[in-house]
Amino acid sequence: EKVGFIFDLDGVIVDTAKYHYLAWRKLANELGFEFTKEQNELFKGVSRKRCLEILLDIGNIKATQDQFDTWMVEKNVDYLAYIEKMDSSEILPDVTRVLQYLKNKGIPIALGSASKNARPILEKVDLLPYFDSIVDGNSVTKAKPDPEVFLIAANNLAVAANSCVVFEDAVAGIQAANAANMVSIGIGDAEILNEANYNFNDFTEMSDDFLESLINK
Ligand code: B16
Ligand code: MG
């Protein structure tokens with residue numbers, strides 16, 4: 001049976017979480033409150049709109065629709081300024097090795113991200129050519145843990161959902177992969193990502209033999 005591989009973006013391919021954090025913190029500070037790194041954990045894998053809702057809850061701020069929309073744009077403008085400076089040195093360790101390994105085997109590869117900025121980021125770090133399909137925040141209506149993003153990716157790759165493998169760093173993302181009946185691989189803290197089928201701290205720990213076992217499962 002033909003297999004497909006789906007990669008989350010933020011926290012799996014690149015560490016853009018730090019840029020999201022800086023942009024959200026700037027907005028929080030402007031609105032008169034602190035936003036900590038720990039609180040930023042809640043934002044991983046979560047849509048921009050939902051992030052702003054959580055941020056305003058933290059700051060106890062009630063926004064009009066106009067203010068809400070303005071702050072969404074403001075955060076993204078600041079975030080885009082960080083992305084603008086990215087290059088391939090920001091690809092997380094051994095991501096390129098794994099992508100190249102799969103590419104050499106002719107395995108279809110998709111991106112499954114909540115971010116509306118996924119494509120420019122892949123362009124910046126020069127990884128666009130590896131991806132046969134990009135499913136991002138512009139193409140989904142239901143956020144992770146809903147499996148929609150990964151099911152669209154499987155469909156685009158013409159691979160059965162239960163023959164797909166997903167790499168994810170967010171709890172909601174692992175839950176989405178499990179709900180899609182896919183093999184879920186947690187990248188990061190195994191205690192936090194304890195619902196994953198397999199866990200790795202990062203791709204340097206993932207052997208070619210392990211990848212091969214996924215391909216031939
Ligand atoms: P944007 P992923 C997610 O990316 C991030 O983890 C999350 O923190 C962010 O809010 C979301 O993308 C939306 O990003 O504002 O660029 O549309 O992990 O699903 O690749
Ligand atoms: Mg992520």
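Colleague: Which residues does Phe150 touch, not counting residues up to four places away in sequence?

Modeller: This is a predicted model, and in it Phe150 touches Ile6, Gly112, Cys164, Val166, Ala176, Ala177, Ala180 and Met182, once residues up to four places away in sequence are left out.

Colleague: How should I read such a list, and which residues have the most contacts inside the largest nonpolar core?

Modeller: The general idea is that, in soluble globular proteins, nonpolar side chains tend to be buried together. In this structure the largest nonpolar core has 48 residues, and those with the most contacts inside it are Ile6, Phe150, Cys164, Val165 and Val166. The elements that give two or more residues to this core are β1 (4-7), α5 (95-104), β2 (109-112), α6 (118-124), α7 (148-157), β4 (164-168), α8 (171-179) and β5 (183-187). Of these, α7 gives the most, with six residues. There is also a second, separate core of ten residues, which includes Tyr19, Cys51, Leu55 and Tyr79.

Colleague: Where in α5 are the buried residues, and what do they pack against?

Modeller: For a helix, one asks which residues are buried and then in which directions they point from the axis. In α5, Val95, Val98, Leu99 and Leu102 are buried. Seen down the axis of α5, these buried residues fall within an arc of 100°, so they line one face of the helix. The face turned away from that buried side carries the exposed residues Gln100 and Asn104. The buried residues of α5 pack against β1, β2 and α9 (208-215), and α5 is followed by Gly106, whose phi is positive, near 75°.

Colleague: Which residues of α3 are buried, and which are exposed on the other side of α3?

Modeller: The buried residues of α3, a helix of residues 48-58, are Cys51, Leu52 and Leu55. They cover an arc of only 95° around the axis, which puts them on the same side of α3. On the other side of α3, Lys49 and Asp57 are exposed. Just after α3, Asn60 takes a positive phi of about 60°.

Colleague: Turning to annotated positions, where does UniProt place the feature "binding site"?

Modeller: An unreviewed UniProt entry places the feature "binding site" at Asp8, Asp10, Glu168 and Asp169. Although these are spread over 162 residues of sequence, they cluster in space, with a largest C-alpha distance of 8.9 Å. The "binding site" annotation from UniProt (unreviewed entry) also covers a list of residues that includes Asp8, Leu9, Asp10, Trp24, Lys75, Ser113 and Ser115.

Colleague: Why does Asp8 count as buried, and which residues does Asp8 touch?

Modeller: Burial is read by counting the C-beta atoms around a residue, and 20 or more within 10 Å makes the residue buried. Asp8 is buried because 28 other C-beta atoms lie within 10 Å. Asp8 is found in the loop between β1 and α1 (17-30), and, not counting residues up to four places away in sequence, Asp8 touches Gly112, Ser113, Phe167, Glu168, Asp169 and Gly173. Asp10 has its place in the loop between β1 and α1, and with 24 C-beta neighbours inside 10 Å Asp10 counts as buried. Leaving aside neighbours within four places in sequence, Asp10 is in contact with Thr16, Ala17, Ser113 and Ser115.

Colleague: Is Ser115 buried or exposed, and where is Ser115 placed?

Modeller: Ser115 counts as buried, with 22 C-beta neighbours inside 10 Å, and the place of Ser115 is in the loop between β2 and α6. Beyond residues up to four places away in sequence, Ser115 touches Leu9, Asp10, Asp136 and Gly137.

Notes: Residues numbered from 1 in each chain as written. Chains lettered and ligands numbered in written order. Predicted model: local features only at pLDDT ≥ 70, side-chain atom pairs only at ≥ 80, totals over all residues. Core = buried A, V, L, I, M, F, W, Y, C linked by C-beta atoms within 7 Å. Buried ≥ 20, exposed ≤ 12 C-beta atoms within 10 Å, placed from the backbone. Helix = DSSP H or I, 4+ residues; strand = E, 2+ residues; numbered from the N terminus. Contact = placed C-beta atoms within 7 Å. UniProt positions renumbered as here; feature names shortened; annotations may be inferred. Arc of directions from axis to C-beta.
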